[in-house]
Amino acid sequence: MLLSGAFGASEMIQLYCVILLLVFVAVAVYLFVRYGIMTSCYEKLLQEGNYTIENKTTAKNFLIFQGRIGVSLQLFI
């Protein structure tokens, strides 16, 4: 795209370069999202990473603790 502008190409060629660039970006975003979702699903199914049993109990305890703080703050106000 920069080369077409530097060499004085027509506006139509520059337009095609912009369209091609946007297509590349759209495909890249699609692939990142698709494979990110697949990886996340595999981690959840295999209970790896953030989805281990230890992390689940820790997160559950943290949510209970947050709930108690929220209730006590509402009573205080």
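C41 is partly exposed, at a relative accessible area of 41%; here buried means under 20% relative accessible area, exposed over 50%, and partly exposed in between, with a 1.4 Å probe and protein chains only. C17 also counts as partly exposed, at 23% relative accessibility. The structure holds 0 disulfides, a disulfide being a pair of cysteine sulfur atoms within 2.5 Å.

The model is predicted: local features need pLDDT of at least 70 and side-chain atom pairs count only at pLDDT 80 or more, while totals for chains, interfaces and linings use all residues. Residues are numbered from 1 along each chain as its sequence is written, and side-chain values use heavy atoms, with hydrogens and water left out.

The protein contains 3 helices and 0 strands, where helices (H or I, at least four residues) and strands (E, at least two) are DSSP runs numbered from the N terminus. The order of elements from the N terminus is α-α-α. Of the 77 residues, 3% count as buried. The protein exposes about 7,100 Å², and carbon and sulfur atoms supply 72% of that area; accessible areas come from the Shrake-Rupley method with a 1.4 Å probe, and for residues only the protein chains shown count as cover.

Helix α2 covers residues 11-46, and its 36 residues should span 52 Å at 1.5 Å a residue, which agrees with the 52 Å between its end C-alpha atoms. The expected span is 1.5 Å times one less than the number of residues. An unreviewed UniProt entry annotates residues 12-33 as "transmembrane region"; UniProt positions are given in the numbering used here, feature names are shortened, and annotations may be inferred rather than shown by experiment. In the model, residues 12-33 are 100% helix and 0% strand, with end C-alpha atoms 32 Å apart.

R34 lies over the face of Y35, at 6.0 Å from the ring centre. The rule for a charge over a ring asks for NZ of Lys or CZ of Arg within 6 Å of the ring centre and within 35 degrees of the ring normal. Aromatic pairs come to 0, counting rings of Phe, Tyr and Trp (its six-membered ring) whose centres lie within 6.5 Å; planes under 30 degrees apart would be stacked, over 60 edge-to-face and the rest tilted.

S40 belongs to helix α2 and is partly exposed, with a relative accessible area of 30%. The C-alpha atoms of S40 and Y51 are separated by 9.6 Å, the two residues being 11 apart along the chain.

What follows α2? The residue is Q47, with a positive phi near 55°, although Q47 is not a glycine. Most residues other than glycine have a negative phi. Q47 is found in the loop between α2 and α3 (53-76), and its relative accessible area of 36% makes Q47 partly exposed.
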